[in-house]
Amino acid sequence: MNHQIPDPNAVFPNEYGTSCFIKNVVTAPNITIGDYTYYDDAEDPTGFEKNNVLFNYPEFGDRLIIGKFCAIASGTKFIMGPANHRLSSVTTYPFNVFGGAWAERTPPHLSQLPHKGDIVIGNDVWIGRESVILPGVTIGDGAIVAAYSVVAGDVAPYCVYGGNPARLLKRRFPEELTAVLLALKWWDLPAEELLELLPVLCDPDLERVRQVLEKRLEIKEH
């Protein structure tokens with residue numbers, strides 16, 4: 001059967017014009033974004049790279065990696081490593097960037113910045129409005145970040161974090177269901193197979209969901 005499944009290569013996947021599949025508008029070589037991940041913004045959804053990924057200088061060496069099926073709310077900011085200042089000396093002031101005699105007497109600016117690593121966002125992650133994700137942070141699959149949070153440390157899969165700095169508020173599901181979801185990796189299923197599974201993924205009866213998905217895993221393993 002030929003179903004009309006949303007096109008992951010469309011910039012605007014629906015008629016509202018505020019949700020953008022951002023893998024199709026980002027060009028920086030150090031940013032990787034999975035299928036169906038969208039950024040929602042009534043003002044400029046296609047401007048995600050310019051407006052929401054800050055201080056991104058690919059030559060610095062860090063990356064922004066976002067998985068599939070993520071929902072990123074308006075105003076979310078990803079702060080890349082070059083936003084930092086030198087911390088290894090008695091002053092943090094960036095004399096070098098102002099040129100002239102200051103540049104002659106100081107090391108290159110980027111070479112002195114701390115490297116905190118890549119920002120890695122898993123799959124099926126929901127990041128609330130105006131949240132800030134700091135350099136080096138990993139957010140696990142299925143996690144939720146509450147609106148207006150500042151995420152300075154790693155977020156475990158299928159957990160809800162919020163606040164400044166963001167902290168664990170609750171675990172979304174019992175350990176058994178979390179383990180099944182992490183093993184299933186539904187976001188990697190072929191489009192038609194995922195289509196068949198959608199009623200299960202949207203079912204609020206979590207115990208029934210766990211049983212169905214466990215059976216599915218058993219069949220897959222055999």
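Reader: Where is R172 placed?
Author: In this predicted model, R172 sits in the loop between β15 and α3 (175-184).

Reader: How far apart are R172 and H115?
Author: In sequence, 57 residues separate R172 from H115. In space the two are 32 Å apart, C-alpha to C-alpha.

Reader: Which residue in β15 stands opposite G162?
Author: That would be R167.

Reader: What joins β14 to β15?
Author: A hairpin does, passing through two residues. P165 lies in this loop, and the peptide bond joining N164 and P165 is cis, with omega about -5 degrees.

Reader: You mentioned α4. Which of its residues are buried?
Author: In helix α4 (residues 191-201), the buried residues are L194, L197 and V200.

Reader: Why do they line one face of the helix?
Author: Looking down the axis of α4, its buried residues fall within an arc of 90 degrees, so they line one face. E196 and P199 are exposed on the other side of α4.

Reader: Now the inside. How many residues are in the largest nonpolar core, and which touch the most other members?
Author: That core has 29 residues. F48, L64, I66, F78, I121, I133 and I139 touch the most other members. Strands β2 (31-33), β5 (64-66), β8 (119-121) and β14 each supply at least two residues of this core.

Reader: What does L64 touch?
Author: Not counting residues up to four places away in sequence, L64 touches N30, I31, T32, V53, F78, M80 and I119.

Reader: Which residues does the second core include?
Author: The second core is separate and has 15 residues, including Y158, V180, L194 and V200. As a general point, nonpolar side chains tend to be buried together in soluble globular proteins.

Reader: Switching to charges: how many salt bridges does a search of the whole structure find?
Author: Eight. In one of them, D203 pairs with R208, and their closest N and O atoms are 2.8 Å apart. R208 also meets D205 in a salt bridge, at 3.9 Å from N to O.

Reader: What about E207 and R210?
Author: E207 and R210 form a salt bridge as well, with the closest N and O atoms 2.4 Å apart. They are three residues apart in helix α5 (residues 206-221), so about one helical turn separates them. E207 is partly exposed at 38% relative accessibility, whereas R210 is buried at 18%.

Reader: Which residues do salt bridges with shared partners join into one network?
Author: D203, D205 and R208. D203 is buried, at 18% relative accessibility. D205 is partly exposed at 33%, and R208 is partly exposed at 45%.

Reader: Last one, zooming out: how many helices and strands does the protein have?
Author: Five helices and 15 strands. The C-alpha atoms fill a box of roughly 70 × 35 × 35 Å along the principal axes. Of the protein's 222 residues, 40% count as buried. The protein exposes about 12400 Å², with carbon and sulfur atoms supplying 54% of that area.

Notes:
Residues are numbered from 1 along each chain as its sequence is written. This is a predicted model: local features need pLDDT of at least 70, side-chain atom pairs count only at pLDDT 80 or more; totals for chains, interfaces and linings use all residues. Side-chain values use heavy atoms; hydrogens and water are left out. Two strands pair if DSSP finds at least two bridges between them. Helices (H or I, at least four residues) and strands (E, at least two) are DSSP runs, numbered from the N terminus. A nonpolar core is a set of buried Ala, Val, Leu, Ile, Met, Phe, Trp, Tyr and Cys residues joined through side-chain atoms within 4.5 Å. Buried means under 20% relative accessible area, exposed over 50%, partly exposed in between (1.4 Å probe, protein chains only). Contact means heavy atoms within 4.5 Å. A salt bridge is a side-chain nitrogen of Lys or Arg within 4 Å of a carboxyl oxygen of Asp or Glu. Accessible areas come from the Shrake-Rupley method with a 1.4 Å probe; for residues, only the protein chains shown count as cover. The arc is that of the directions from the helix axis to the C-beta atoms.
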